[in-house]
Amino acid sequence: MTAYVAMLRAVNVAGTGKLAMSDLRAIGEQCGFGAVRTYIASGNLLFTSSEEETEAKDRLQAHVDGRFGRSMPIFVRSAAELAEAAAGNPFDDDKPSRVMAHFIDQPPTQRMIDEARDIAGERIALGPRLLYVSYGEGIGKTRLNLPAVKLGTARNLNSVTRMAALLGSPE
């Protein structure tokens with residue numbers, strides 16, 4: 001049995017990506033996952049499964065897409081990979097709330113960083129299937145244009161660290 005987190009992109013408590021966390025838990029249970037729970041109201045589903053990551057993601061993707069009637073990007077990481085992401089934060093000199101892990105599907109490359117525009121104090125680094133960005137003055141003030149993360153989803157390091165801890169201790 002492997003512990004996973006599924007992070008849904010553009011899910012919130014209001015607007016076009018509205019999904020109640022109780023509904024997300026119900027979807028996880030319908031998928032047959034174990035130890036199903038959510039973490040904060042931003043589309044984070046923690047669960048266990050005997051399936052490989054790709055199979056679990058495909059199962060969840062089908063249920064979520066059925067709920068929304070359109071494709072909703074989902075990024076699945078094992079407990080080990082999420083713990084690696086939390087421990088690998090290269091910007092531990094910044095507040096964890098101002099460092100974002102931008103999860104993407106493909107392995108990150110230096111070219112992704114090189115394509116960034118409008119950098120004004122932000123720092124960017126490669127991680128395991130993610131890009132770290134230290135926003136220094138806060139994400140609300142940034143003008144950073146980072147094309148590589150347009151189709152990804154982001155969580156701050158406080159959330160990444162907390163979810164990694166939760167995955168390490170079932171229910």
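Biologist: A polar contact is a pair of N or O atoms within 3.5 Å. Which residue caps the N-terminal end of H5?

Modeller: The model is a predicted one, and in it helix H5 spans residues 157-167. The backbone nitrogen of Asn158 has a side-chain oxygen 3.0 Å away.

Biologist: At about what angle does H5 run to S8?

Modeller: H5 has several buried residues, among them Val160, Met163 and Leu167. The helix lies across S5, S7 and S8. Its angle to S8 is about 85°.

Biologist: Which strands are the edge strands of the open sheet of 4 strands?

Modeller: The strands of this sheet stand in the order S6-S7-S5-S8, with antiparallel pairing. An edge strand pairs on one side only. This holds for the strands at residues 123-127 and 153-156, namely S6 and S8.

Biologist: Which residue in S7 stands opposite Ile124?

Modeller: S6 and S7 run antiparallel and are joined by 5 bridges. S7 comprises residues 130-134. The residue of S7 opposite Ile124 is Val133.

Biologist: How wide an arc do the buried residues of H1 cover around the axis?

Modeller: In H1, residues 21-30, the buried residues are Met21, Leu24, Ile27 and Gly28. Residues three or four places apart in an α-helix point the same way, because there are 3.6 residues a turn.

Biologist: Which exposed residues does the face of H1 turned away from its buried side carry?

Modeller: The buried residues of H1 are covered by elements including S1, S2, S3 and H2. The face turned away from that buried side carries two exposed residues, Glu29 and Gln30.

Biologist: Is Leu60 buried or exposed?

Modeller: Leu60 belongs to helix H2. Not counting residues up to four places away in sequence, Leu60 touches Ala6, Ile27, Cys31, Phe33, Leu45 and Ile74. The cut-off for burial is under 20% relative accessible area. Since its relative accessibility is 0%, Leu60 counts as buried.

Biologist: Which exposed residues are on the face of H3 turned away from its buried side?

Modeller: Ala79, Glu81, Leu82, Ala85 and Ala86 are the buried residues of H3. They lie on the same side of H3, because their arc around the axis is only 165°. Their packing partners are S1, H2, S4, S5, S7 and H5. The face turned away from this side carries Ala80 and Ala87.

How values were computed
Residues numbered from 1 in each chain as written. Predicted model: local features only at pLDDT ≥ 70, side-chain atom pairs only at ≥ 80, totals over all residues. Heavy atoms only, no water. Buried < 20%, exposed > 50% of the residue type's maximum accessible area, 1.4 Å probe, protein only. Contact = heavy atoms within 4.5 Å. Polar contact = N/O pair within 3.5 Å; in protein donor to acceptor, adjacent residues only side chain to side chain. Arc of directions from axis to C-beta. Pairing = 2+ DSSP bridges. Axes fitted to C-alpha atoms, helices over the stretch in contact; angles between N-to-C directions.
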